[in-house]
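Please look over the model shown here before reading the notes. The points below take one topic each.

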Amino acid sequence: MKSGKFWAWVVFGIGTAYFFIPLLATFEFSLRMRRGVHSFDAYQVVLGDPRFQATFLYSVIAAIFTIILGVLVVVPAAYWIRLRLPQIRPIVEFITLLPLVIPAIVIVFGYIRMYGSSSPLPFLASDLGASALLVIGYATLALPYMYRAVDTGLRTIDVRTLTEAAQILGAGWTTIITRVILPNVLIAVLSGAFLTFAIVIGEFTMASLLNRPAFGPYLQNIGANRAYEPAALAIIAFAITWGCMSLIQILSRFAPKSANRPN
Amino acid sequence: MAEPFLSIQHVRKSYGANTVVQDFNLDVEPGEFVSFLGPSGCGKTTVLRMVAGFEEPSAGKIVVAGKDITRLKPNQRNVGMVFQAYALFPNLTVAQNIAFGLKVAGMSKADSDRRVAEMLDIIKLPQMADRYPYQLSGGQQQRIALARAIAPKPKLLLLDEPLSALDAKVRVSLREEIRSIQKKLGITTIFVTHDQEEALSISDRIAVMYGGKAEQVGTPFEIYNRPATKFVANFVGTLNVLEGTVTDAGAGRVRVNSQEVALKGKLNGSKSGDTLSLALRPEAISLARQPGHDTSLSGEIAEVHFLGSVIRVRVGIGGNTVSLDTFNNSTTPPPVVGDKADISFASGDMLVLH
């Protein structure tokens, strides 16, 4: 074996150990609920807990609405920027990165001050309004991932020429976006959607401060009061995230293949 | 005179202070195939895009079949277009690509299927209906793009350098196919190209463009044999340019490297002592005197390039160099560099460039 390849394997081995050892330790700990033997009791307790089911369902629904909102905002925006306003792309990229820089707690405190029950837009005056505000906040948090995923998808197609080809064949903007652009970036959109899903499922700060019955605050609550169940929940959360990543990989195989483009 | 089908009238296009098309005028008859020929940046694609509706003219108007379409959106013009980059929709099959415009127009599925089959027959790819664009070669993709463009029966067909991305052999066969389909359907067509051979071989008329203007509009024969400007003469075909001095403008006599040449006709607008550029096509020149050649110039063989069926010879005549082609003859050895040589031509073939 060449020395370069050997050291590459060593580095890979160290990286894998760094990642997997804590995970294996957590998994092993989650199996120790029954004294003296390994069992899935902690998982049974967690999955059987009605609060788990309720909060998980709430977060799944919030994630679905977040994805819909994100797609409705990001796809036309990213498409239009590529087509007509490429000069403002760096500015938009910077704006979409802001949620990574500004802590969620700052955003949510802003929301609370802006949309309190005495404000002109009293989102927080009702449960439904607060949930809508949570979805809007999640869409903001997911913006860096959703925008990049869609923008990368748009980069793989010749947006301008395809748009013009559809236009000259009589298509209007709705037809162009729904029948030409969206199907060709669907896999990228789904990648963004699964990343959004993964973010929403584990998010704590916004849901907690807006007092929403989401999965994140439930995770935190269990973690503060129990021993083995938090470890089981951590493994479940990992499994959900990995499931999402695997789906992205599987779906990317079905992406429409670009024909050879001369330019 | 009959109304032109397409009339481009005093069209100008500026981007800020940069004017890329200036006072462009062209009338195209129904069923005519007109090529816009010119180097990169001459404005030919911009004119085409204005006809398509992708660019709005800064001034002037565009009329199709008597209707002013200058301010109409591209999807309201009923114009078909084939792009250099094929622009097939990657997520749709060949049949779905061809049916796209028909579906948008609200055609029933049965009629659309019939039309798609008809189009696939016209482009001779009936077996490709269920393939995706990535499964096709460049030539096949461009034929599908052509079928897609003509399927909705557009009033006008625009071809934006459709052959540029293809290899040489496919280019030749596809251009002939495009021309034959265009003739069969009788569709008025504008073809943009920078390839003079393409333009000369398939066009009814050519508009040679330079600097945002049409330098000359004429049949391929006129453009090649009677170029109106120095640019057209230089751009279309290979041209030998000889610098000469007028010795007798009234008699049309010019001195080229101390040798007198008599041109056909007077040199209007010139006087003795003026310098002139004289142009000769290589095929008008021969090494030996041919029947009908009334003029000869003496020089020296400067270069000889053996190209198989043809031998390209460059002859130095003072400060000028003249290229000419002779057919290869297996019994006659090629000219030798450094040998004295007389070139001959008919004075009527010599053009005075302005």
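In what order do the four strands of the open sheet in chain B stand?

1. The order is β2-β1-β4-β5 in chain B, and the pairing is antiparallel. Strands pair here if DSSP finds at least two bridges between them. Strands (E, at least two residues) and helices (H or I, at least four) are DSSP runs, numbered from the N terminus. β2 (18-28) and β5 (67-68) of chain B are at the edges with a single partner strand each, so one side of each has no neighbour in the sheet. Helix α1 (residues 44-52) of chain B packs on this sheet and touches β1, β2 and β4 (59-64) of chain B. The direction of α1 makes about 115 degrees with that of β1(B). Angles run from 0 to 180 degrees between N-to-C directions, and axes are lines fitted to C-alpha atoms, for helices over the stretch in contact.

2. A note on the source: this is a predicted model, in which local features need pLDDT of at least 70 and side-chain atom pairs count only at pLDDT 80 or more, while totals for chains, interfaces and linings use all residues. Residues are numbered from 1 along each chain as its sequence is written, and chains are lettered from A and ligands numbered from 1 in the order in which they are written.

3. Within the sheet of point 1, strand β1 (residues 6-15) of chain B is joined to β2(B) by seven bridges, and the two run antiparallel. B:S7 has B:D27 of β2(B) opposite.

4. Chain B as a whole has eight helices and 19 strands. Its C-alpha atoms fill a box of roughly 75 × 50 × 40 Å along the principal axes. Of its 354 residues, 40% count as buried; a residue is buried if 20 or more other C-beta atoms lie within 10 Å of its own, exposed if 12 or fewer, and partly exposed in between, with C-beta atoms placed from the backbone. Chain B is divided into domain 1 (6-235) and domain 2 (240-353), with bounds from an automatic or database domain assignment. The C-alpha centres of these two domains of chain B lie 39 Å apart.

5. How many residues of strand β7 (residues 156-160) of chain B are buried? Five of the five are, so β7(B) is largely enclosed by the rest of the structure. B:L156, B:L158 and B:D160 cover one side, and B:L157 and B:L159 the other.

6. β7(B) has parallel partners. Four bridges join it to β6(B), where B:G80 stands opposite B:L157. Five bridges, again in the parallel sense, join β7(B) to strand β8 (residues 188-193) of chain B, and there B:L159 has B:F191 as its bridge partner. With helix α5 (residues 168-185) of chain B, β7(B) and β8(B) make a right-handed β-α-β unit. Right-handed means that, with the strands pointing away from the viewer, the path from the first strand over the helix to the second runs clockwise.

7. Not counting residues up to four places away in sequence, B:R148 touches B:N97, B:I98, B:F100 and B:G101; contact means C-beta atoms, placed from the backbone, within 7 Å. B:M119 is 29 residues from B:R148 in sequence, and their C-alpha atoms are 8.0 Å apart.

8. Between the chains, 27 residues of chain B are in contact with 24 residues of chain A. On the chain B side, β6 (79-82), α2 (94-104) and α4 (138-150) each supply at least two residues. That side has 20 nonpolar, seven polar and no charged residues. Nonpolar covers Ala, Val, Leu, Ile, Met, Phe, Trp, Tyr, Cys and Pro; charged covers Asp, Glu, Lys and Arg; the others, Gly among them, are polar.

9. Chain A has 11 helices and zero strands. Its C-alpha trace spans about 75 × 70 × 30 Å along the principal axes, and 33% of its 263 residues count as buried. Of the contacts in chain A with a separation of 6 or more, 76% are between residues 24 or more positions apart.

10. Helix α10 (residues 215-225) and helix α11 (residues 229-252) of chain A have axes that come within 8 Å and cross at roughly 150 degrees. A:L219, A:I222 and A:G223 of α10(A) meet A:E229, A:P230 and A:L233 of α11(A). By class, these residues are four nonpolar, one polar and one charged.

Note on methods. Contact = placed C-beta atoms within 7 Å.
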